[in-house]
Structures are given as structure tokens and as C-alpha cells.
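Here's a quick look at the charge pairs, a helix pairing and a surface patch in this protein. Have the structure open while you read.

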Amino acid sequence: MLRPIDGLMVYPMLALVLLTFGVALVLLVRRVRAMRAGRIHPQSVATARDMAAKFDDHRTPDNFRNLFETPVLFYAAMLAAIALHGGTWPLLVLAWLYVALRVLHSLIHCTYNRVMHRFAVFVASMVVLFVIWCIVGAHAAVVAAQ
């Protein structure tokens, strides 16, 4: 039976999914605008290499790809916590903190893109993700020992 706290662990994941769809929408709008402005035929950007050559602004597509890198570890940790009934209030707070940092990272990356600002937020998110995995791993060890 799923405990209420375990059920709450789903919401930070949903928020990160919404962020991913939001960045995808921004990417779509920016790409269509750029293609219209530059009179770029869709077939001329059929590959990633073609796109890189035709488009000057790579911030949003780079950020979109980033959302399929380390966040995958976040999704895995949350799903493991739920499956192991390891949800706790501190873990939930850390999950929301991770999501907030990823939102901030995306905002920086898709707008003014100051590398050191983005890097600081990335490092902070990685520290939070590491702590999340330490908590989930410790709980998994306790469950395995029972």
C-alpha cells in the first residue's frame, strides 16, 4: 500500500516533466520563428549538424537536451523511493529543491546564459541529487537487510 508521503513524491517529478514540455514549447516557437525569418526550408535542417549550421541560437535546444541527462537520475531516485516506500519529508523537500534548481538552470540557459551562473546552479543541483541518492540508497540498504 502506498503511503501518502510516497504519493507526494510524484509531484516534483511532474513539475520537472512540465518544465521539459515548457522548454520544448519555447524551442518550437523559437525554431519556427527562425525558420520563417531566415526562409529556411524544413528539409535543409533534417539533421543536428544541419541545424547547428543554420541556427545561431543554440541555448534552448541545448537546454532541452540537458533535461534528458542528469534529471534521469532524479526520476530514477524518486521512482526507487516510491517503490521502496522510502518517501520522507526531508526527501520531498530535497526533490522540490532539485526541481527549483533545474527551473533556475533552464531560465538562465534559455535567456541570458551566463555560464558561471548556470554552472553554479548546476553544481548545486548535482549536490542535491547526490544527497537524494544517498538517502534513497540508505533506505534501500535498510529494506534489503530486513
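Arg 65 and Asp 62 join their side chains in a salt bridge, with N and O 2.4 Å apart. Keep in mind that this is a predicted model. Both residues sit in helix H4 (residues 59-66), and because they are three residues apart there, about one helical turn separates them. Side chains of opposite charge can pair when their charged atoms come close.

How many salt bridges does the count come to? The count is three. Here they are side by side:

| Salt bridge | N to O distance |
|---|---|
| Arg 65 and Asp 62 | 2.4 Å |
| Asp 57 and Arg 59 | 2.7 Å |
| Asp 6 and Arg 3 | 2.9 Å |

Is Asp 6 buried or exposed? Its relative accessibility is 0%, so Asp 6 counts as buried. Arg 65, at 48%, is partly exposed, and so is Asp 62, at 28%.

Now for the helices. H2 (residues 10-37) packs with H6 (residues 89-110) at an angle of about 10°, their axes 9 Å apart. That angle makes H2 roughly parallel to H6. Among the residues that meet are Leu 16, Leu 19 and Val 23 from H2, and Trp 96, Val 99 and Val 103 from H6.

Finally, the surface. A nonpolar patch there includes Val 115, Met 116, Phe 119 and Phe 130, and the whole patch has about 660 Å² of accessible area. Phe 119 belongs to helix H7 (residues 115-145) and is partly exposed, with a relative accessible area of 46%.

Note on methods
Residues are numbered from 1 along each chain as its sequence is written. This is a predicted model: local features need pLDDT of at least 70, side-chain atom pairs count only at pLDDT 80 or more; totals for chains, interfaces and linings use all residues. Side-chain values use heavy atoms; hydrogens and water are left out. Patches are made of residues with over 30% relative accessible area and no salt bridge: like charges are joined within 9 Å, nonpolar side chains (Val, Leu, Ile, Met, Phe, Trp, Tyr) within 5 Å. Accessible areas come from the Shrake-Rupley method with a 1.4 Å probe; for residues, only the protein chains shown count as cover. A salt bridge is a side-chain nitrogen of Lys or Arg within 4 Å of a carboxyl oxygen of Asp or Glu. Helices (H or I, at least four residues) and strands (E, at least two) are DSSP runs, numbered from the N terminus. Buried means under 20% relative accessible area, exposed over 50%, partly exposed in between (1.4 Å probe, protein chains only). Axes are lines fitted to C-alpha atoms, for helices over the stretch in contact, and angles run from 0 to 180 degrees between N-to-C directions. Angles under 35 degrees count as roughly parallel, over 145 as roughly antiparallel, 65 to 115 as roughly perpendicular and the rest as oblique. Contact means heavy atoms within 4.5 Å.
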